[in-house]
Amino acid sequence: MSIRDFAEHIGISDRMVSKWEAGGESIVPRQMNQAALDTVLARADPEVHERFARILNVVPQGVPAVAQQLGTESPEAALTPRTTEVRHPGDGRLMALIEAGIFLSGAADEPTWLPDFYIDVYPVTNADYARFIAATNYEPPQHWKAGTRPTEDLDHPVVFVNWHDAAAYAEWARKDLPTSQQWEKAARGPRGDVYPWGSQETPAKCNSRESGLRRTTPVDTYHSGVSSYGIYDMCGNTWEWCSTRSQEDPVRYELKGSAFTSPFFRATPSKFNDASPLMMDDDTGFRCAISAEELRTQLER
């Protein structure tokens, strides 16, 4: 871009951009201007991130910039393509890679960096939870008749699980519950889309109250509503437990995603919600996550 075009792009004067260029490394932008620059970079294509890193001489020639952000791999390993989807050795569920980098977090779109991690492509289903119960003799959800899984809803998300139930499954599977920031990045992508599918208000792409179904749906139903990482049900169907304690009340834990009982306006992944860890309902479930480093360790065992 020209100086004038770039200035308009980030909302400052072209004189300010010229001042920055003339000042070089001695310039420290004001917090508001730095936030604007961070936001522009976070929303840029991966090629822009690569070029930006190379201009700063932080990436050796021939080594991808994203791999260098981790700071843990050799150049040879960095040149090896990453596995973007993998079956976890613990519960056998499909997980997708969320690569390290900046994303826009929360209602204020705060630029935030996270290391790479994997997250379940689908919420934990009744069939998944039944395997956990069979392996551990854990107490079944209260709505399972005689403690038996509902055969007609095997591919629906498990519900009537409180935070402790979700955490127990994650421990058995050798995973974790995702942090609220991990969950949000998996939903919004690196550019900070409003919804998993983009920024268009499209209630038909998820199971919210507007769907009129009044119940959960199979976890692979809404193909057009997946996130840029290929993650399903990040809006609607069920609220999902996170490992992050509430900032408003540290006894409570955050929930993400909204549910079939919620109006569509609550489905925005950046929205805040929390609950007591003992809360359980017919619209609350979970999925798991794991750091990429820990998963690599488990796969090597």
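Axes in these views are lines fitted to C-alpha atoms, for helices over the stretch in contact, and angles run from 0 to 180 degrees between N-to-C directions. This is a predicted model, so local features are described only at pLDDT of at least 70 and side-chain atom pairs only at pLDDT 80 or more, while totals for chains, interfaces and linings take in all residues. Residues are numbered from 1 along each chain as its sequence is written, and side-chain values use heavy atoms, with hydrogens and water left out.

View 1. Of the 301 residues, 46% are buried, that is, under 20% relative accessible area with a 1.4 Å probe and protein chains only; exposed is over 50%, and partly exposed is in between. Take the contacts (heavy atoms within 4.5 Å) between residues at least 6 apart in sequence: 63% of them join residues at least 24 apart. The protein exposes about 15,400 Å² by the Shrake-Rupley method, again with a 1.4 Å probe, and carbon and sulfur atoms supply 51% of that area.

**View 2. Helix 7 crosses helix 8.** The two axes come within 11 Å and cross at roughly 75°. That puts helix 7 roughly perpendicular to helix 8, a label for angles of 65 to 115 degrees (under 35 is roughly parallel, over 145 roughly antiparallel, the rest oblique). On the helix 7 side, D128, Y129, R131, F132, A135 and T136 make the contact; helix 8 brings D165, A168, Y169 and W172.

**View 3. Aromatic rings pair up in 14 places.** Rings of Phe, Tyr and Trp (its six-membered ring) count as a pair if their centres lie within 6.5 Å; planes under 30 degrees apart are stacked, over 60 edge-to-face, and the rest tilted. W197 and F264 are another story: their ring centres are 6.4 Å apart and their planes at 20°, so they are stacked. W197 comes from the loop between helix 9 (180-188) and strand 6 (239-245), and F264 from the loop between strand 7 (253-256) and strand 8 (274-275), so the pair links parts 67 residues apart in sequence. Both W197 and F264 are buried too. Finally, look for one aromatic cluster made of Y129, F132, Y138, W144, Y169, W172 and F286.

**View 4. Four strands make an open antiparallel sheet in the order 1-2-5-10.** Strands pair if DSSP finds at least two bridges between them. Strand 1 (85-87) and strand 10 (289-291) are the edges, each with a single partner strand, so one side of each has no neighbour in the sheet. Neighbouring strands are turned by 30° against each other on average, direction ignored. Strands 1 and 2 share three bridges, strands 2 and 5 four, and strands 5 and 10 three. Some partners to pick out: R87 with L94 of strand 2, I98 opposite F117 of strand 5, and F117 again with S291 of strand 10.

**View 5. Strand 5 and the helices on the sheet.** Side chains in a regular strand alternate between the two faces of the sheet. In strand 5, F117 and I119 point one way and Y118 and D120 the other, and all are buried. Helix 9 lies across strand 2, strand 5 (117-120) and strand 10, at about 75° to strand 5. Helix 10 (residues 292-300) also packs on the sheet, touching strands 1, 5 and 10, and its direction makes about 85° with that of strand 10.

**View 6. Strands 3 and 4 form a hairpin.** The two strands run antiparallel, joined by five bridges, and the partner of S105 is E110 of strand 4. Four residues lie between the strands, where G106 takes a positive phi near 75°. Four of the five residues of strand 3 (residues 101-105) are buried, so the rest of the structure largely encloses this strand.

**View 7. D281 sits in the loop between strand 8 and strand 9 (284-285).** D281 counts as partly exposed, at 33% relative accessibility. Its C-alpha is 7.2 Å from that of V161, which is 120 residues away along the chain. Beyond its neighbours within four places in sequence, D281 is in contact with V159 and F160.
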